[in-house]
Amino acid sequence: MAFPVALLVMMMVVTSSGVVQAASTIETVKNRGFVLCGVTDRVPGFSLHEADGSWSGFFVDFCRAAGAAVLGNADAVQIESYWLDALEGREVDILHAGSTWTLVRDTTRMIDFPGIYFYDGQGFILHSNLGVKSLKDAMTTKDLKVCAIGPSSTARANLEEFIANTGVTWTLVPIQTMDGMWRAFFGGRCDMAIHDRSALVAVHAGRLDDSDDYVVLPEVISKEPLAPAVRSDDVQWRDLIFWVTMATIAAEDLGVNQDNVDDMLAHSTSPEVRRLLGADPGIGVGFGLSDDWAYQVIKQLGNYGEIFARNLGPKTQFKMSRGLNQLWRDGGLLYAPPVR
């Protein structure tokens, strides 16, 4: 399908050297007045389309963080359910859809992954009447049917490798879509389903009426570093999305949160806090934004710990522990580069 001429003009600019480049996503977002953000639908705690039309979840809050950074308004975001193809097709500016950062995706598609914000691994959910309580139990149970999204998902690839490496007598049942996989599993077509363990915990907790009929195994069979995804033709936008995530991590590390951010802005003597919040100038220059962009993110959404707790933590129905998603000083893997 041909692009309208006006759209092509918006997408491309000519530099002083005569080189044609993609238009700045930051300027496009400013002119449009909102961020176009893609998420995966129906993953409670991460990205869920509510009955009233609103969206909620960990990924959704990071969509909103981009709106806060660029436009000073976390509500200046249009959210839709999309996957990587929509990002490459310029239907969205950013994707927060639980995408695993892999070598093949990074090197064969026109996308970049600007920083890991959730360390996960793939696991299994089973029907509890099988009597299986651990992965070891499952491996000694013959002829299990396992649903996996296919054909190109990391879940299916990990499952195929696991079956090949261990010699378990499981049958892979390929399903085309996420909704289809859940229908097949809960409808009894499969004994097990494989997915990111965090998502399995969220889906399990969301089944309030029959959660005892299913069990999420404690083990994982892979490393799944989840990251936002952007197109690879705009380094400035990639850097901004990276630093939006890092700003929330740095804020938690520095003791800055929604409740004290105004006081810290006015009174902190820490050079790094002052730079992060824009009290001392500099962090907006490289993006063409005001120096308070990180302040806006923290004021409107909170630091990383607050975002995690609000959507997934002990006071939610999911009661998910931070695990590897704790700060470095607490035994986790999260830390931000210096804000300077």
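Residues are numbered from 1 along each chain as its sequence is written, and side-chain values use heavy atoms, with hydrogens and water left out. Since this is a predicted model, local features need pLDDT of at least 70 and side-chain atom pairs count only at pLDDT 80 or more, while totals for chains, interfaces and linings use all residues.

Let's start with the cysteines. A disulfide is a covalent bond between the sulfur atoms of two cysteines; here, a pair counts when the sulfur atoms are within 2.5 Å. How many disulfides does that rule give? The count is two.

One of them links Cys37 and Cys63, with 1.9 Å from S to S. That link is left-handed, at -60 degrees about the S-S bond. Cys37 sits in strand E3 (residues 35-39) and Cys63 in helix H3 (residues 58-71), so the bond ties together parts 26 residues apart in sequence. When I say helix or strand, I mean DSSP runs numbered from the N terminus: H or I of at least four residues for helices, E of at least two for strands.

Are these two buried or exposed? Cys37 is buried at 1% relative accessibility, and Cys63 is buried too, at 0%. Buried means under 20% relative accessible area, exposed is over 50%, and partly exposed falls in between (1.4 Å probe, protein chains only).

Then there's Cys147 with Cys190, at 1.6 Å from S to S. Cys147 is in strand E11 (residues 145-149), and Cys190 is in the loop between helix H8 (178-186) and strand E13 (192-196), so this pair ties together parts 43 residues apart in sequence. Both Cys147 and Cys190 are buried. Numbered in sequence order, the bonded cysteines pair 1-2, 3-4.

Now the cores. A nonpolar core is a set of buried Ala, Val, Leu, Ile, Met, Phe, Trp, Tyr and Cys residues joined through side-chain atoms within 4.5 Å. The largest has 81 residues, and Phe58, Phe118, Trp182 and Trp293 touch the most other members. H3 gives the largest share of this core, ten residues. Apart from it lies another core of 18 residues, including Leu135 and Phe162.

Back to Trp182: leaving aside neighbours within four places in sequence, its contacts (heavy atoms within 4.5 Å) include Ile125, His195, Leu200 and Val203.

Last stop, helix H9 (residues 197-206). Why call H9 largely enclosed by the rest of the structure? Because seven of its ten residues are buried, among them Leu200 and Val203. Their cover includes strand E9 (118-120), strand E10 (122-127), H8, E13 and strand E14 (214-216).
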